[in-house]
Amino acid sequence: MKHLLSMSDLDRAAIEELLDLADHFAEVLDRDIPKVPAMRGATVATLFFETSTRTRLSFEKAAKALSADLLNFTPSTSSLSKGESLKDTVLTVQAMGVDLMVVRHGAVGAPARVASWVDCSVVNAGDGAHQHPTQALLDALTIRRRFGKLDGLRIAIVGDIRNSRVARSNIDAFTTLGASVTLVAPPTLLPFHVDSYPVATTADLDSILGDLDVVYMLRVQLERGSGPVLPSLPEYVSRFGLDRRRFLQLGKEAVVMHPGPMNRGIEIAPDVADDPRSLITDQVSNGVATRMAVLFRLLKGKGQL
Amino acid sequence: MIQTTPVQVMDGADVRRAIRRIAHEICERHHGAEHLVLVGIHTRGVPIAEEIARAISEFEDTHVPVGELDVGFYRDDLDHRPTTRLGRTLLPVDVTEETVILVDDVLYTGRTIRAALDAISDLGRPATVELAVLIDRGHRQLPIRADFVGKNLPTSIEERVTVRVENVDKEQGVWIERPRS
């Protein structure tokens with residue numbers, strides 16, 4: 001495996017190997033000195049052509065905890081603003097001597113294009129509404145650490161599925177690991193060709209709450225076009241928002257997840273987000289261990305098996 | 001390379017005796033077993049460390065804590081070898097100011113021990129670190145030696161030494177394989 005561009009690059013065994021590795025790195029991150037020399041001498045570049053808080057910090061923390069060197073690219077202060085193309089930009093970064101690029105871009109397929117231009121490894125950190133594989137891996141890790149396994153779990157993904165790369169990646173990861181997934185959204189926010197997905201769909205969140213192990217809330221992405229297809233935000237909140245009343249209808253073991261950033265009071269009520277059965281902060285801390293696993297797997301241990 | 005049939009150089013009882021002798025030597029050198037922590041290196045160092053601790057508890061009235069160490073993330077050959085299955089790293093006590101005795105099955109180039117020394121110093125600051133191995137087969141590439149040795153086994157680089165222990169392999173003993181010339 002040279003690149004990680006989509007969850008569909010990974011079969012069940014490959015996902016489980018990465019999650020096992022992430023468990024080892026989670027132990028490393030718990031130490032007094034949360035750092036190992038495994039990637040000493042390697043250089044990782046983060047190229048985020050779209051904004052990010054947690055994903056970028058998480059990759060940077062992961063690279064540093066592995067003792068890799070880090071190059072950090074920010075479009076607004078770069079020569080992109082002078083009109084340099086994406087291709088020239090990544091070739092310039094490569095010429096500095098980079099072993100792995102972490103790429104986020106608003107355009108679907110941009111990380112795959114970058115991978116075709118450069119010799120180094122490329123990790124997709126989110127491309128448009130397409131894929132965000134490390135988010136799916138960290139979510140799978142978070143669920144596995146809570147429930148032991150994903151087999152047989154009932155997971156609902158609620159909200160703007162159509163515009164969500166998180167949903168696309170998570171559907172792949174959760175179903176590959178044996179969970180059954182229900183997409184909950186108004187018909188206008190379901191993906192085209194949803195019939196071809198290995199999932200159930202409903203527009204009635206209340207009817208399934210009692211059967212769920214995990215309720216995974218998605219952000220209403222006003223910047224990516226959730227807005228125009230929603231007739232009214234208050235109506236959306238009343239039908240699809242996870243408020244206290246709905247939270248109380250969940251089973252006692254059920255947990256709440258959200259990839260962040262949250263719109264508190266829209267898709268999730270503030271007190272639900274902060275409840276002990278919300279795994280939202282676990283998702284963030286597991287993100288670092290997961291990204292360490294991905295970086296390590298792509299760059300190290302490449303001898304003959 | 002064609003291998004001949006492995007020749008057994010220690011049987012299960014030989015291994016048990018060697019481990020018991022190492023346990024005695026450890027207590028002799030340290031005038032007992034106070035402030036000792038045995039740290040087994042994955043995979044087969046761990047059951048050997050547990051055996052040493054069990055032997056010590058029989059003749060000293062004390063329980064020596066046993067830790068586990070996986071040095072996978074500290075190796076200097078990560079570019080050349082596949083990532084093998086990783087074991088857990090777990091120290092039951094703080095090793096700072098204690099005497100840590102690293103335990104492994106075979107001492108060869110010394111590179112695993114070099115990695116273990118780095119790993120241990122990230123986990124605490126022991127007063128002393130010593131090394132116990134079941135087999136010393138020579139061919140060191142680093143200035144590292146063992147303090148306690150079960151058996152010195154002169155080998156050539158082409159030979160392969162295999163240690164099997166009861167808890168991991170369901171049989172116990174040491175074998176050596178020579179390439180057919």
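1. Of the contacts in chain A between residues at least 6 apart in sequence, 75% join residues at least 24 apart; two residues are in contact if their C-beta atoms, placed from the backbone, lie within 7 Å. The model is predicted: local features need pLDDT of at least 70, side-chain atom pairs count only at pLDDT 80 or more, and totals for chains, interfaces and linings use all residues. Residues are numbered from 1 along each chain as its sequence is written, while chains are lettered from A and ligands numbered from 1 in the order in which they are written.

2. Chain A contains 12 helices and 9 strands, which are DSSP runs numbered from the N terminus (helices H or I, at least four residues; strands E, at least two). Its C-alpha trace spans about 55 × 45 × 35 Å along the principal axes. The radius of gyration of chain A is 19 Å, which agrees with the value near 19 Å for a compact globule of 305 residues; this radius is taken over C-alpha atoms, and the globule rule is 2.2 Å times the number of residues to the power 0.38.

3. Buried residues account for 47% of the 305 residues in chain A. A residue is buried if 20 or more other C-beta atoms lie within 10 Å of its own, exposed if 12 or fewer, and partly exposed in between, with C-beta atoms placed from the backbone.

4. Chain A is divided into domain 1 (7–132 + 284–299) and domain 2 (133–279), with bounds from an automatic or database domain assignment. The C-alpha centres of the two domains lie 25 Å apart, and 24 residues of domain 1 are in contact with 23 residues of domain 2. On the domain 1 side, the elements giving two or more residues are α1 (12–29), β4 and α12 of chain A.

5. The largest nonpolar core has 143 residues, and those with the most contacts inside it include Leu66(A), Met101(A), Ile157(A) and Leu38(B). Such a core is a set of buried Ala, Val, Leu, Ile, Met, Phe, Trp, Tyr and Cys residues joined through C-beta atoms within 7 Å. Helix α12 (residues 280–299) of chain A supplies the largest share, 10 residues. Ile157(A) touches, among others, Ala167(A), Val181(A) and Tyr216(A), not counting residues up to four places away in sequence.

6. Strand β4 (residues 121–127) of chain A has 7 of its 7 residues buried, so it is largely enclosed by the rest of the structure. Strand β3 (residues 100–105) of chain A runs parallel to β4(A), joined by 5 bridges; strands pair if DSSP finds at least two bridges between them. Met101(A) stands opposite Val122(A) in β4(A).

7. Gly106(A) lies in the loop between β3 and α4 of chain A and is partly exposed, with 14 other C-beta atoms within 10 Å. Gly106(A) touches Phe49(A), Glu50(A) and Gly128(A), not counting residues up to four places away in sequence.

8. Most residues other than glycine have a negative phi, and most peptide bonds are trans. The bond from Gly260(A) to Pro261(A) is cis, with omega near -10°, and the bond from His42(B) to Thr43(B) is cis, with omega near 5°. His31(B) has a positive phi of about 50° and counts as exposed, with 7 C-beta neighbours inside 10 Å. For His139(B), phi is near 65°; this residue lies in the loop between β5 (128–136) and β6 (148–152) of chain B.
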